[in-house]
Amino acid sequence: MASLLGIVFPVVTFTGHGQLPAKLHSRRRLVVKSSSSSDERQILFNRIAPVYDNLNDLLSLGQHRIWKNMAVSWSGARTGDKVLDLCCGSGDLAFLLSEKVGPSGKVTGLDFSSEQLAVAASRQKLRGRSCYKCIEWIEGDATDLPFDDCEFDAITMGYGLRNVVDRDRAMREMYRVLKPGSRVSILDFNKSNQSMTTFMQDWMIDNLVVPVATLYDLAKEYEYLKYSISGYLTGEELETLASEAGFSSARHYEISGGFMGNLVAVR
Ligand SMILES: C/C(=C\Cc1cc(O)c2ccccc2c1O)CCC[C@H](C)CCC[C@H](C)CCCC(C)C
Ligand SMILES: C[S@@+](CC[C@H](N)C(=O)[O-])C[C@H]1O[C@@H](n2cnc3c(N)ncnc32)[C@H](O)[C@@H]1O
């Protein structure tokens, strides 16, 4: 397991109109723990979809765009490739992939949240570059992919695997649909072995993330972050998960002081 420290001063940008929507209408309160079901997670991501992008920019001071760029670079996606962004959400990594593969390539973004996919499609309409036209959005489950064996030249998964209930099955599906010799690049929070890192992550979520999310009646949804990180796999365990799914090699890189991590596995 290697460690890369990438701290760059970002410019915070807002997608859409730069304004966060007014407080979301409060509905049934959601309590989502790391033991939550797939349906509860689907509800969660549908519910946060309207503010997801802007809160990510605000709460990470724009850093998440750097981490996503790193994940896409590590995927090895090149001009003309056919690539998959799993758990694509509002499409951040899919858009970055389309810039790598260009108009001659093909990007598929898959997610089981219809609301997240609606945001992705609306963002795509606002973008003029020809490379963005090559993206298609599919509503589906990462544990049961609607694709043939050996279909893709690269796969990315940004902040998705931690949220998938059956991670073993998702990893096996990624192996199945990847071409031999191709890579999967999986970006997520890092479940650190360093108690100070874990303390800092929890402190930031409790004292920065959740208070801001509370302004949008999303406290429970963002509290889930902490539970999901504690229920996630360490870098070493992710490397083992990939190897057990059949990948020939797997390396987990810690980034941004160990707050985040990226698994790169080769089929
Ligand atoms: C893009 C990021 C998180 C995506 C994300 C993933 C999830 O599983 C969620 C679950 C429930 C609600 C929301 C999400 C979600 O947004 C990472 C950046 C955004 C984070 C919300 C901000 C986290 C702050 C870090 C703990 C500290 C950042 C330090 C940095 C050096 C400033
Ligand atoms: C935190 S978001 C990440 C979105 C995007 N990749 C990004 O980096 O911003 C996690 C996404 O995973 C999706 N997701 C969780 N479990 C899934 C599953 N089993 N199948 C498909 N999508 C899933 C959610 O709907 C959500 O859009």
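Ser256 sits in the loop between β7 (249-255) and β8 (260-266); helices (H or I, at least four residues) and strands (E, at least two) are DSSP runs numbered from the N terminus. This is a predicted model: local features need pLDDT of at least 70, side-chain atom pairs count only at pLDDT 80 or more, and totals for chains, interfaces and linings use all residues. Residues are numbered from 1 along each chain as its sequence is written, while chains are lettered from A and ligands numbered from 1 in the order in which they are written.

**Positive phi**
- Ser256 is not a glycine, yet its phi is positive, near 50°.
- Ser256 counts as partly exposed because it has 19 C-beta neighbours inside 10 Å (buried: 20 or more other C-beta atoms within 10 Å; exposed: 12 or fewer; partly exposed: in between; C-beta atoms placed from the backbone).
- Asp217, also not a glycine, has a positive phi of about 60°.
- Asp217 lies in the loop between α7 and α8 (219-230).
- Asp217 has 15 C-beta neighbours inside 10 Å, so it counts as partly exposed.

**Ligand 2**
- The shell around ligand 2 has 20 residues, the closest being Phe45, Cys87, Gly89, Ser113 and Gly158 (C-beta atom, placed from the backbone, within 6 Å).
- Two or more residues each come from α1 (38-48) and α4 (92-101).
- α1 gives the largest share, three residues.

**Helix pair**
- The axes of α2 (residues 52-59) and α7 (residues 195-214) come within 11 Å and cross at roughly 145° (lines fitted to C-alpha atoms, for helices over the stretch in contact; angles run from 0 to 180 degrees between N-to-C directions).
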